[in-house]
Amino acid sequence: QSARWEQAICSGLPIICKKWPGMEYVDVGGNVIFLERFADLAEKIESLLTDKELYSNMKQVACTKGFETFSYEIISRQAIFIEN
């Protein structure tokens, strides 16, 4: 698990990552393309570069649900609110 993935998503970036157990949490509704095989990476990057609708939809999810889920600011406010 890496804060870099979370911060990339929080910043509005669609991501492509290897699928392995425990990685499902980074998909907050369509912002991630999971790779079954590393050999598929070039194809998946190409699809993001050429399919503007795919990229736009993934970016929209990252900017909204991704921000709400992974924003340190929001997480901090929730933690402070819970403790008070």
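Mentor: A search of the whole structure finds 2 aromatic pairs, where rings of Phe, Tyr and Trp (its six-membered ring) pair if their centres lie within 6.5 Å, with planes under 30 degrees apart counted as stacked, over 60 as edge-to-face and the rest as tilted. This is a predicted model, in which local features need pLDDT of at least 70 and side-chain atom pairs count only at pLDDT 80 or more, while totals for chains, interfaces and linings use all residues. Residues are numbered from 1 along each chain as its sequence is written, and side-chain values use heavy atoms, with hydrogens and water left out.

Trainee: Why is the pair of Trp5 and Trp20 called edge-to-face?

Mentor: Their ring centres are 5.9 Å apart and the planes stand at 65°, so Trp5 and Trp20 count as edge-to-face.

Trainee: And what about Tyr25 and Phe70, how do they pair?

Mentor: Tyr25 and Phe70 are also edge-to-face, at 6.0 Å centre to centre with 80° between the planes.

Trainee: Is Phe70 buried or exposed?

Mentor: Phe70 has a relative accessible area of 5%, so it is buried (buried means under 20% relative accessible area, exposed over 50%, partly exposed in between, with a 1.4 Å probe and protein chains only). Tyr25, at 27%, counts as partly exposed.

Trainee: Switching topic, how many disulfides are there?

Mentor: The search of the whole structure finds 0 disulfides, a disulfide being a pair of cysteine sulfur atoms within 2.5 Å.
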